[in-house]
Amino acid sequence: MSVLRPPASSWFPMPGLTFGFWRRSRTSAAAKAGAGDDAPKVDFDRILAGIRAAPQLEMIEWKGDGMQEPAAEPARASEDDGFDASKLDGRRRKIRDRYIAARFPGIAKCGADLADEEPLIRAARLMFEDDRAADALELLALAVEEYPQRVAAWLAQLEILYLTRDAAGFTEAAGAFRQRHGAQSEAWPEICRLGRALAPAGALFAGDVKVRDHEHYGPWPHTPNWIRAPWDLTAEVSAADFHHALRRAANDDVERDAKEAA
Amino acid sequence: MNATMSRDVTRADIRAEYERARRALKSELPGLTQDEAASRLGQLAATLDQGVARIKGELLATSLCWNEDHQALVGWLCAEHEHLFSMAHGLAQARPAACDDEVLTLRVPAAALYHWGEAVKWSTRRERQDYQPLHAVMSAALRHGSQRQPVRMVADGRGRTVTLEALYFRALLLDRFAGGSLTRPQLEILDAWLWEWVPALNARREAPDARCFRADLDSNTGLREGAAAEGASALYLPLQPLIGRRRDVIAHLHQGRLVPEHGCASEMRLEEHVAVLEQVGRAFEAAASGREFRAERRPGAGLRIEVWVGIQEILSRGLAPRRTDGATKVGEEVLAAIAASNPMNSSFMLADDPSRRYLWLTDVSESGFGFEALGSDAIGIAVGDLLGWRKAPGEPCAIGRVARRMPGSSSNQVYFGVQLLTAAARAVKLVEIAGERELAEEMHIYVPGDDDSGRRDAFLVTESRHRESTVYRARIEDRAFHLKLDRLRQRGRGWVLCGFEVEALTVAAPPVLQDAVELPHFRLPGEGDDDGGLEHALSREVSSRLLV
């Protein structure tokens, strides 16, 4: 036990007042210690009875089969509005990083790995080309959450939404982009052009239509190539050659085996 | 009942005491009033629930190294939940038709539905569930109109407000995913999500326009997709709300939150949560897109096949030329001997090099294979492993990924559901290069894709060797191809399936040319035809980008 005098005694020279204060605290501490000596007197039966007792619940009003799914999406959206990945506490940061690593192995081990635009957009494009557009969009969404000030991931996300003809998703993402980067962004006219093609009735994309003289020009016609698809198709021709060369080799093997067996 | 009974159900004596209490209650049930019977049943169920809640976390965390005691405990838990379901179902059936008692109309049926789901979760058998009693409980609730009334219950030591139809679909969804594609910890995570998704688990009597699951109340089947036949009594569960709930889980993970944030599931590895997300996503997508969940299956019984596990074994035994590989047709006596696991039988003695594994092909479909194995042959094979086999000598080597592992049709047997990755794998030598330097050469497994353009081709490589930036050189015929394995498509235990880009095409040293070589004229398929045959022939070999 500490032998230091309680600091209160130096501030309160009146012995009765200070001694009384500490005496009370000692008394209550002693009382607590004494209580600890006895066996715990928890009334388990009462607690269990409380659990088992039927609570007085109000009826939930069901609207029948026409009932819509509870408004989970808007609730989540309102949570998202205030979400800032840079302000996560340690535990949540760790969960998010581990999720990124488990969900996108070989691409990113944590949120910080999404900073490098070139491999990020390449990985998203490859996923999209492998018919995994949803995965590509999630990867880009994680990057947007991590670095919302950088436009490359936003734009790649918009282009993939355009290429998958997801009008609702495109409009939502374009709205979020405009909210973050403003209509003065260099890319906004191009987003509006894509938006008008995808959702002609969308008020977000209304404005002057500027016709380009190179609509069909690019790796994917009509698109700005924010996903950075290569213009050179040699690799794709080579892939076909490789496939056919191996198929020929396999056929040769089968024929040789058949001859040997004969 | 002894107050310590619920403390440690890992002890056989405690379990025996519980069983005695359960048997006593079962024998006393006919003589008790319904209120009293419901109360006693609730006490017994609460005792089991408390016991399970204490051990579940640790039990599931060690599920990869369970011994016989653990298996016995899990089997016991399944059996006890089945008994509780049976008693609750009997009690619910015995209630008067015009009963308004909340305990009998809500609590007892809720307990029955809950215990049916729990029994599925802990099940160690492969036999199909008996769905009729489950459908009967739900049908009775529908008749009474109590299917959507809130009922408060305690599960896993936590109080929850649910409805009977939510419990009914929870049980059926657990049954749907309990076919071996999810491990027990993963099934527990799914169950934790289903408790959170209770508001989305509401049924419709009419088939919705959108995709849905269906429960046929008059049948003895689990969840199906699409609309029922006319006149059949069915309940529909729309998929879209469930897909939305799955998205919510992902959104929470983006924000660094687990779903749920507390409880046994929240203590499991995050990789398990991701595995459940992916499996559930695949199942919902398949159902939502209207694709058949399962390709038509044909029996493959009678074929005993040597299988190779993992990339190294497939390369060394499956893809290396051998004359004695593949399957053998065997007689009934060998089947019987192996099924009986009788090593003294002379037929069984044919088998075999102990370093080799033999599995029985039980069913075949376009997308996969079903195998059964003796427990000894199944050791070390888990969901996510690679298996390779040849159905007959001279046939190409097929490779698949173990998608399901579950108890076999008889004791000491294990059933594997294997998703086919390729029916014609091939070993290809790849040389790792850095500039002009050759660093290392190694055989890799080439998995041909179904697209003539080669865009779906891939290589199976070990996880430790996989590096996206590495460039490999392959020599096929007289050509050299530079490959970059940069498209990770699937991964399993120690392996990854990588798509690749062919970086550059170079022609190897040409053969010595003769003077005045006349080049042959290659006639393309359809060349000269007027019906667009040439265009058709080329359409499969150009980038999809050019086909827009």
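View 1. Everything shown here belongs to a predicted model. L359(B) counts as buried because 26 other C-beta atoms lie within 10 Å, where 20 or more are needed. Leaving aside residues up to four places away in sequence, L359(B) touches I305(B), V307(B), F371(B), E372(B), A373(B) and D377(B). Look also for Y415(B): 56 residues separate it from L359(B) in sequence, while the C-alpha to C-alpha separation in space is 9.5 Å.

**View 2. Here strand 12 (residues 413–434) of chain B runs antiparallel to strand 13 (residues 437–447) of chain B.** The two strands are joined by 9 bridges.

View 3. A handy landmark is V447(B), whose bridge partner in strand 14 of chain B is A458(B).

**View 4. Now we turn to the contact between chain B and chain A, with 56 residues from chain B and 48 residues from chain A.** Elements giving two or more residues to chain B's side include helix 8 (240–254), helix 9 (270–288) and strand 12 of chain B. Strand 16 of chain B provides the largest share of that side, 7 residues. Sorted by class, the side of chain B that touches chain A holds 19 nonpolar, 13 polar and 24 charged residues.

Note on methods. Residues are numbered from 1 along each chain as its sequence is written. Chains are lettered from A and ligands numbered from 1 in the order in which they are written. This is a predicted model: local features need pLDDT of at least 70, side-chain atom pairs count only at pLDDT 80 or more; totals for chains, interfaces and linings use all residues. Two strands pair if DSSP finds at least two bridges between them. Helices (H or I, at least four residues) and strands (E, at least two) are DSSP runs, numbered from the N terminus. Two residues are in contact if their C-beta atoms, placed from the backbone, lie within 7 Å. Ala, Val, Leu, Ile, Met, Phe, Trp, Tyr, Cys and Pro count as nonpolar, Asp, Glu, Lys and Arg as charged, and the others, Gly among them, as polar. A residue is buried if 20 or more other C-beta atoms lie within 10 Å of its own, exposed if 12 or fewer, and partly exposed in between; C-beta atoms are placed from the backbone.
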